[in-house]
Amino acid sequence: MAIDTDRVQKLFDSLEAQKTLLTSCTKLYKTISDHFSSIQNSLSQKANSLDSKFQALESDSNKTLESLYQRENSIPELESSAVARIEEHKEAALSEFEKSVPENAELSECLKSYCRKMDSSGLLRFMVSKRKESMSLRSEIVSAMEESVDSARLVLDAVEEFVSQKSGKVGIPDKRWACGMLMQALFPAAEMGGKKASRPAFAGSVVERAARVAELWKGKMGDGGEGSMVGPTEAAMFMQMVAGFGLKPKFDEEFLRKQVLEFASRRDMPKLAIALGFGEKIGDIIDELVKSGKEIEAVYFAFESGLTERFSPVSLLKSYLHNSRKNATTILKNGNHSTAAAEESGNLQLNSIKSIIKCVEDHKLEAEFSIDSLRKRATELEKAKMERKKSTAGAGKPPNKRSHGGGSGRGGGPSSAFRPAKAPKFSHSAYPSFGRRNPAPPPHHSPAGRYSVPFSYPAQGVYDGPAPPPYASSTYGGPHPQTAAIPQQHYSLSGGDDMGAGGMRATGSYGGQTNYNPYDYTAAAAAAAPPPTYHTQ
């Protein structure tokens, strides 16, 4: 009997296909069962979590309601306590107004008393009377102003009084100094400038009043620039007020820009320029400073604005050194190497060297710009200056001193008819603002008058720097059309009218910087040879 193998094979193939199908269905069912089990477990967990959160919320709600109930019950007690405290403060304030501060009271108590009373006139008079204690005033004025009801209004009252009396001539410098210290306490210069700097918020009425006072002030300042009718201290105070109260939109930008350029030697001016919103235009301001021969100021602006890559400090310093040496040589030639010309040329060199050394030390550029040779040259110039003073003092003595012997009474010895000549008095007046370079100052106004201690270095050998590099070919090496005027020492203020707006000698804005004694340009000096040239290493 023959077997049909094809039919058997087809049967087995059909069974194999059904087996595969059953296996696939089984796997799919298992997968679906696991998925639904996972969903059920997740829902159970979320339900349990929601239950616990509901319980916690109910517990917190009960605690909050209980706390509110307790606070509501304590309101009458708090009201009575507040009324008692207000009455106590009221009585204290009334007694403060009625009583007078004793003469032997501490400085801080007197300042706080005037600030509590919001007595701006009395505060100005007291600060002026204690001007010799400026260091103590500066340390106490900030805490004293915190005792006032409205420190901004107190400062505005003082500034308005100062501005309204500017036409007078009595006491204006003292009031300017006192207002500057108050302005510095309200708007610290160290906190101005920078990207993260923020000014305090003031009420709209206070800002409007500040705008009126600033507008009145501006009317007495002139058009700015070289024709400005104010000094660097007052200009910095004005700009600090504009920046602090946010008044820049109310003034012409060109006017503010002229003030920045004219009084760029103020140490706080770079911060004020940035606080006034000149951030994107600082590069143009630095360009103008370089073109006008104010490379030292340009260095300070470049560091404050972060533009040192665009304006190389070393190149600027070399350019300033080169130009100052050239101006000193020009003074000698124009004066035919006379005594006065030698004195003026020496002072120009000395003050330029001091400016460079101070700038290098401030920004820690010793590794890039060596100042050893400049210190040697400064020592030589200081010695030469002392020798000239000694020779002048010796030449000013009379040949014969008054004789007290020989005769008696009015008709005594023959030498009793003449008295010895008095020693000449030397001027100690401060040099005007560095920004006013163009008009040549009188010879007796020395920029070194802005320093309180002698500028001296240990005695060193003869200055032996290498030959000067060709600055004229560098970026900022071109000569600038400067006058023969003695430049003012950079970034420092005198102790008088030019004292910083915060009462400081030149810290950040009106701060304390080392000062030097003034030089005497009135006395005649012995003829001096042309000073040797000096170079950077």
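Arg116 is partly exposed, with a relative accessible area of 28%; that label covers values between buried (under 20%) and exposed (over 50%), using a 1.4 Å probe and protein chains only. Keep in mind that this is a predicted model, where local features need pLDDT of at least 70, side-chain atom pairs count only at pLDDT 80 or more, and totals for chains, interfaces and linings use all residues. Residues are numbered from 1 along each chain as its sequence is written, and side-chain values use heavy atoms, with hydrogens and water left out.

Arg116 sits in helix H2 (residues 107-116); helices here are DSSP runs of H or I, at least four residues long, numbered from the N terminus. Setting aside residues up to four places away in sequence, Arg116 touches Glu96, Phe97 and Glu147, where contact means heavy atoms within 4.5 Å.

Now for Glu234, which belongs to helix H8 (residues 232-244). Glu234 is buried, at a relative accessible area of 2%. Beyond its neighbours within four places in sequence, its contacts are Phe162, Lys166, Arg176 and Trp217.

Both residues have a side-chain polar contact, meaning a pair of N or O atoms within 3.5 Å, one able to donate a hydrogen and the other to accept it; residues adjacent in sequence count only if both atoms are side-chain atoms.

| Side chains | Polar contact |
|---|---|
| Arg116 and Glu147 | 3.3 Å |
| Glu234 and Lys166 | 2.8 Å |

What about the core? The largest nonpolar core has 91 residues, and Phe238 is among those with the most contacts inside it. Such a core is a set of buried Ala, Val, Leu, Ile, Met, Phe, Trp, Tyr and Cys residues joined through side-chain atoms within 4.5 Å.

Note on methods. Helices (H or I, at least four residues) and strands (E, at least two) are DSSP runs, numbered from the N terminus.
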